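Here is a short briefing on one protein chain. Keep the sequence and the 3D view open as you read, and find each residue as it comes up.

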Amino acid sequence: MNYNTVIFDFDYTLADATYGIVSSFNHAFSRLEIPICDSESIKRTVGLSLDEAFVQLTGYNDKTLINSFRNFFREKADEVMSKNTVLFEDTVSTLQRLKSEGINTGIVTTKYHFRIDETLNFHGISDLVDVIVGGEDVKMPKPSPEGLLLAIDSLNAELNEVLYVGDSLIDAKTALAASVDFAAVTTGTTNENEFLQYPCVKILKSLSELFNQ
């Protein structure tokens, strides 16, 4: 591998949290007396901030309503998210191989930092990730490069030594804005043809293909 640092998005890149995400959205919608949404519509918002996802799904852009939504979402997520997050089959082996080769690893996501900590601890793999930057750690969510650059800086890496791996066009835009290489993985809702509109050093069907020449 030509990189000394590999940083990942989380949802649909390293793990599938569909149950927790959909349950938390629809719990919040029900509490706000807003019609619930189907799973596929909600999945397509993953990668956006909660505020942006709410606006996209409902069309409402009221700050008070958004704040209430966020609180109700977190109420349910505290109950169901981490214990219902399923790591992809090759997530642990990929992180283990990177660490065994002396490569720095990180996670940059719009999900809350504490939620990633909680999930990694639940699965017993906290030692495989060197840095986490979550949604509450930055002023601007992805595709702003702020979080990715913060992670890179904390690892003392050079931009040309970093690979960012993600499953969405938001991730592709983030890597481009940060001037780092990007590898797309099609384990989310974005297909190979959609990724072709952005620079990708690789388009992967699964994380294990990261090591293919």
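Predicted model: local features only at pLDDT ≥ 70, side-chain atom pairs only at ≥ 80, totals over all residues.

**Helix 1 and helix 4**
- The two axes lie 8 Å apart, and helix 1 and helix 4 pack at an angle of about 140°.
- Angles over 145 degrees would count as roughly antiparallel. Helix 1 and helix 4 are therefore oblique to each other.
- The crossing of helix 1 and helix 4 is right-handed.
- Helix 1 also holds Asn-26. Is Asn-26 buried or exposed? Asn-26 counts as buried, because its relative accessibility is 12% and the cut-off for buried is under 20%.
- Beyond its sequence neighbours up to four places away, Asn-26 touches Ile-36, Cys-37 and Ile-42.

**Helix 3: one buried side**
- Helix 3 spans residues 50–58, and its buried residues are Leu-50, Ala-53, Phe-54, Leu-57 and Thr-58.
- Why do they sit on the same side of helix 3? They cover an arc of only 105° around the axis, so they share that side.
- An α-helix has 3.6 residues a turn, so residues three or four places apart point the same way.
- The cover over the buried residues of helix 3 includes helix 1, helix 2 and helix 4.

**Helix 7: one buried face**
- In helix 7 (residues 146–154), Gly-147, Leu-148, Ala-151 and Ile-152 are buried.
- Looking down the axis of helix 7, you find these buried residues within an arc of 135°, so they line one face.
- Among the elements covering the buried residues of helix 7 are strand 1, strand 4, strand 5, strand 6 and helix 8.
- Asn-156 follows helix 7 and has a positive phi, near 55°.

**Nonpolar cores**
- How many residues are in the largest nonpolar core? It has 25 residues. Val-6, Phe-8, Leu-120, Val-165 and Leu-210 have the most contacts inside it.
- Strand 1, helix 5, helix 6, strand 6 and strand 7 each give two or more residues to this core.
- Apart from this core lies another, of 22 residues, including Tyr-12, Ala-28, Leu-57 and Ala-77.
- Val-165 has contacts beyond four places in sequence, among them Val-6, Phe-8, Phe-182, Leu-207 and Leu-210.

- Val-133 belongs to strand 5. Val-133 counts as buried, because its relative accessibility is 4%.
- Past its neighbours within four places in sequence, Val-133 is in contact with residues including Ile-107, Val-138, Gly-147 and Ala-151.
- Val-133 and Tyr-112 are 21 residues apart in sequence, and their C-alpha atoms are 8.4 Å apart.
- Pro-143 lies in the loop between strand 5 and helix 7. The peptide bond from Lys-142 to Pro-143 is cis, with omega near 15°.

**Two loop residues with positive phi**
- Tyr-12 lies in the loop between strand 1 and strand 2. Its phi is positive, near 70°, although Tyr-12 is a residue other than glycine.
- Tyr-12 is buried, with a relative accessible area of 4%.
- Glu-33 lies in the loop between helix 1 and helix 2. Glu-33 is not a glycine, yet its phi is positive, about 60°.
- Glu-33 is exposed, with a relative accessible area of 75%.

Conventions
Residues numbered from 1 in each chain as written. Heavy atoms only, no water. Buried < 20%, exposed > 50% of the residue type's maximum accessible area, 1.4 Å probe, protein only. Helix = DSSP H or I, 4+ residues; strand = E, 2+ residues; numbered from the N terminus. Arc of directions from axis to C-beta. Contact = heavy atoms within 4.5 Å. Core = buried A, V, L, I, M, F, W, Y, C linked by side-chain atoms within 4.5 Å. Axes fitted to C-alpha atoms, helices over the stretch in contact; angles between N-to-C directions. Parallel < 35°, antiparallel > 145°, perpendicular 65-115°, else oblique. Left-handed = near helix turned anticlockwise from the far one by under 90°.
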